[in-house]
Amino acid sequence: MSAATAGSVRGPIRHVEYVMGTAVTIDVRDPRVGAGAVDAVVSWLHTVDATFSTYRPDSAISRLDRGEVGLADCPDTVRSVLERCEELRVETVGYFDPRYAGRLDPSGLVKGWSIEQADQILQAAGSRAHCLNAGGDVLARGRPAPGRWWRVGIADPHDRSRLATVVEGADIAVATSGTAERGAHVVDPRTGEPATGWASVTVVGPDLPTADAYATAALAMGDQAREWLAGRTGFEAYAIAPDGTTWATPGFPR
């Protein structure tokens, strides 16, 4: 179904698409952009799901994991994503590892990467003001209106009905990894046990795939993530501990 009716007066376009196991919200404020660009984003997201889903046995990533195909047989995007995953595995000293426990699962990067590509689709269509939100991984381009900032709420993992804090800005990426929605699903690769040192970690910066991977790695690191995150140039972080106490890098924008 089209994201908006063709021929309608152009104004803010808001569309929610359920894909990649989550709800993706596409919010376009630039009046120069029509429904066709949003439809292109929706098509792209379903292509990503068909290629990278670990829940679909026919996806390229599942077939590659089972050894049924080689990397050369997969779409070029698979090679690109796995190369970036390897760079991040090295940078995070193995706390972000798409091959942990012997299974290939680049999901910790794919969601943020897919949204970054969607942002480029909208920019190529002429948009300078839009916001994409994939289950809490947010990329906000430009401003929603003159003189206003995009506002991204960070949910309290101990009470999902309230916000722990709000990030404001333009041209920002915000990624959160935590235990509230999926439980302790991130594993500390050093111990093989679920990571429980933080209830949630939010990373803000210019690059959503990197922010997404940093948040996942920091959740796995536990307390040592404080020093590691403080050394990430261009990125700021905010974390909530299991007892509700909070910690943030000095430049976290709130």
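**View 1. H15 in strand β1 of the predicted model.** H15 is part of strand β1, which covers residues 13-19, in a model that is predicted. H15 has a relative accessible area of 11%, so the residue counts as buried, the cut-off being under 20%. The side chain of H15 makes a polar contact of 2.7 Å with the side chain of E17.

**View 2. The pairing of β1 with β2.** Strand β2 spans residues 22-28 and pairs with β1 over 7 bridges, in the antiparallel sense. Across this pair, the residue opposite H15 is I26 of β2. In general, the strands of a sheet pair through backbone hydrogen bonds, in either a parallel or an antiparallel manner.

**View 3. The open sheet of 8 strands.** The sheet is open, its pairing is antiparallel, and its 8 strands follow the order β1-β2-β3-β4-β7-β10-β11-β12. At the edges are β1 and β12 (246-248), each of which pairs on one side only. From one strand to the next, the twist averages 10 degrees.

**View 4. Helix α1 across β1 and β2.** Helix α1 is formed by residues 35-52 and lies across the strands β1 and β2. The helix runs at about 15 degrees to β1, the strand that holds H15.

**View 5. Helix α4 across β2, β3 and β4.** Residues 107-124 form helix α4, which lies across β2, β3 (130-134) and β4 (137-141). Relative to β3, helix α4 runs at about 160 degrees. These strands, β2, β3 and β4, follow one another in the order of the open sheet.

How values were computed: Residues numbered from 1 in each chain as written. Predicted model: local features only at pLDDT ≥ 70, side-chain atom pairs only at ≥ 80, totals over all residues. Heavy atoms only, no water. Helix = DSSP H or I, 4+ residues; strand = E, 2+ residues; numbered from the N terminus. Buried < 20%, exposed > 50% of the residue type's maximum accessible area, 1.4 Å probe, protein only. Polar contact = N/O pair within 3.5 Å; in protein donor to acceptor, adjacent residues only side chain to side chain. Pairing = 2+ DSSP bridges. Axes fitted to C-alpha atoms, helices over the stretch in contact; angles between N-to-C directions. Contact = heavy atoms within 4.5 Å.
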